[in-house]
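Colleague: I am new to this structure. Please take me closely through one part of the model, and then carry on from there to whatever else can be said.

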Amino acid sequence: MHISEGVLSPPVLLAGAGLAVLGTATGLKKMDYESIPRVAILSSAFFVASLIHVPVGPSSVHLVLNGLLGLLLGWAAIPAILVALFLQALLFQFGGLTVLGVNTVIMALPALMSYYLCRPLVRRKGVVALVGAFTAGASAVLLGALLVGVALVTTGQAFLKAAQLVVLAHIPIMIIEGLVTVFIFVFLQKVKPEVLKGIYA
């Protein structure tokens, strides 16, 4: 879902950079010392999960896990995602440094949505919790794809077809991401429930 260098207009790049700075500052302010190792591990998981890319127009599709990061980290998901995207741009040229702010917003804003909208469902027991986990994973991918489309269309109407293609290409990824989020949630409940303490706090 990374947008490549040289695609977006300067106003879109500046708006993305500004939002990313504000979100990262807020995330760092809300992050306590004890949560740093958990943030680092989940940032690493995000880094690895989004390494396998399938190119689609000026963007690409891959597993994201931003919904899961949002559930587990809340606002701290923003600096976690920023660090992972920065390393991917630096080491593998995925996205790029000039689009780092926009790509961070595209993936971190859905994570925050999962935190505020899906966490109340995940805190319950049984099927409702599973539905909440699936919704967090699937809707985070949908919102991310829609934000890619908005960034492309606000750059120029010539990107309208590409924006539609990006959103359509992510529909199967939404389902896969939702199922993967449910699997990881259930797995952590059984073998490492302390990782989920941020959800129940």
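Modeller: K192 is partly exposed, because its relative accessible area is 40% and partly exposed covers the range between buried, under 20%, and exposed, over 50% (1.4 Å probe, protein chains only). E194 falls in that class too, at 45%. The side chains of K192 and E194 meet in a salt bridge, with 3.4 Å from N to O; the term requires a side-chain nitrogen of Lys or Arg within 4 Å of a carboxyl oxygen of Asp or Glu. A search of the whole structure finds 1 salt bridge.

This is a predicted model, in which local features need pLDDT of at least 70 and side-chain atom pairs count only at pLDDT 80 or more, while totals for chains, interfaces and linings use all residues. Residues are numbered from 1 along each chain as its sequence is written, and side-chain values use heavy atoms, leaving out hydrogens and water.

Next come the rings. Rings of Phe, Tyr and Trp (its six-membered ring) pair if their centres lie within 6.5 Å; planes under 30 degrees apart are stacked, over 60 edge-to-face, and the rest tilted. By this rule there are 4 aromatic pairs. One of them joins F47 and F92, which is tilted because the planes stand at 45 degrees, with the ring centres 6.0 Å apart. This pair links distant parts of the chain, 45 residues apart: F47 is in helix α2 (residues 36-49) and F92 in helix α4 (residues 77-92). F47 is buried at 16% relative accessible area, whereas F92 is partly exposed at 37%. Another pair, Y115 with Y116, is edge-to-face, at 4.9 Å centre to centre and 75 degrees between the planes. Ring pairs also link F47, F92 and F94 into a cluster.

F92 belongs to a nonpolar surface patch as well, together with V83, F86, L87, L90, L91 and L97, and the accessible area of the patch is about 610 Å². Such a patch joins nonpolar side chains (Val, Leu, Ile, Met, Phe, Trp, Tyr) within 5 Å, or like charges within 9 Å, from residues with over 30% relative accessible area and no salt bridge. L87, in helix α4, is partly exposed at 34%.

Y116 is partly exposed at 48%, yet 17 of the 23 residues of α5 are buried. At Y116 the helix bends by about 40 degrees, and a proline, P120, follows within four residues. The 23 residues of α5 (residues 100-122) should span 33 Å at 1.5 Å a residue, and the end C-alpha atoms are 30 Å apart, which agrees.

How values were computed. Helices (H or I, at least four residues) and strands (E, at least two) are DSSP runs, numbered from the N terminus. The expected span of a helix is 1.5 Å times one less than its number of residues. The bend at a residue is the angle between axes fitted to the seven residues ending there and the seven starting there. Accessible areas come from the Shrake-Rupley method with a 1.4 Å probe; for residues, only the protein chains shown count as cover.
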